[in-house]
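Please work through the exercises below with the sequence and the model at hand, and try each task before reading its solution.

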Amino acid sequence: MRYLQYKGVVEREYKMSLKKIMHQLCVTENLNAVNGAKKLGIAKEIFVYWRRYFRLEERQLLFDQTINDLMESQTAFRDEADKENAEPNIAMPPSNTIDELEDVVDALIGYYKHIHYTSEGLSLQTAKLPLYEFSKTVIVDYKNGELAKEMQKES
């Protein structure tokens with residue numbers, strides 16, 4: 001018999017599509033190739049072929065789940081970036097105080113994050129993002145007095 005003939009026999013016997021049958025055996029019951037083939041009454045090679053065809057091997061399932069998780073997190077990041085930075089406002093007056101400098105750095109961080117997520121990490125403009133994030137930590141350390149303490153330690 002051929003694959004299609006085996007498929008027809010198995011589908012008629014179980015009264016379900018082959019994909020559902022294979023999902024039930026591989027995912028729900030977690031049967032290996034030998035036990036799954038015995039249960040269906042087919043050769044092991046056919047079972048292995050169908051399992052690969054429907055991407056029901058353990059590695060394939062894990063890979064597909066990982067890809068789905070990455071795509072969901074990417075859209076979540078993009079949505080968040082769009083919410084925060086729909087209209088990035090970088091045209092601010094020159095800063096005269098630390099608080100104004102911090103606001104400008106925050107705006108630039110948001111702007112470059114927005115560019116990073118909308119370009120899917122391919123924009124060269126986002127190379128400045130780590131610099132501004134570091135600048136933010138320096139400003140926060142300065143406001144908390146950490147920089148002054150560090151200077152005193154080295155003196």
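This is a predicted model: local features need pLDDT of at least 70, side-chain atom pairs count only at pLDDT 80 or more; totals for chains, interfaces and linings use all residues.

**Exercise 1.** Determine how helix α6 and helix α7 are oriented towards each other, starting from the angle at which their axes cross.

*Solution.* Begin with the axes of α6 (residues 98-118) and α7 (residues 129-144), which come within 9 Å and cross at roughly 155°. Next, recall that angles over 145 degrees count as roughly antiparallel. The two helices, α6 and α7, are therefore roughly antiparallel to each other.

**Exercise 2.** Locate Q125 and classify it as buried, partly exposed or exposed.

*Solution.* Q125 is found in the loop that lies between α6 and α7. The relative accessible area of Q125 is 44%, and the class between under 20% (buried) and over 50% (exposed) is called partly exposed, so Q125 is partly exposed.

**Exercise 3.** Which residues form a nonpolar patch on the surface, and how does I67 count in terms of accessibility?

*Solution.* The patch is made up of F63, I67, L70 and M71, which together have about 390 Å² of accessible area. Taking I67 as the example, this residue lies in helix α5 (residues 58-84). Because its relative accessibility is 34%, I67 counts as partly exposed. For contrast in class, turn to helix α4 (residues 44-53), where I46, F47, V48, W50 and R51 are buried.

Definitions and conventions: Residues are numbered from 1 along each chain as its sequence is written. Side-chain values use heavy atoms; hydrogens and water are left out. Patches are made of residues with over 30% relative accessible area and no salt bridge: like charges are joined within 9 Å, nonpolar side chains (Val, Leu, Ile, Met, Phe, Trp, Tyr) within 5 Å. Accessible areas come from the Shrake-Rupley method with a 1.4 Å probe; for residues, only the protein chains shown count as cover. A salt bridge is a side-chain nitrogen of Lys or Arg within 4 Å of a carboxyl oxygen of Asp or Glu. Helices (H or I, at least four residues) and strands (E, at least two) are DSSP runs, numbered from the N terminus. Buried means under 20% relative accessible area, exposed over 50%, partly exposed in between (1.4 Å probe, protein chains only). Axes are lines fitted to C-alpha atoms, for helices over the stretch in contact, and angles run from 0 to 180 degrees between N-to-C directions. Angles under 35 degrees count as roughly parallel, over 145 as roughly antiparallel, 65 to 115 as roughly perpendicular and the rest as oblique.
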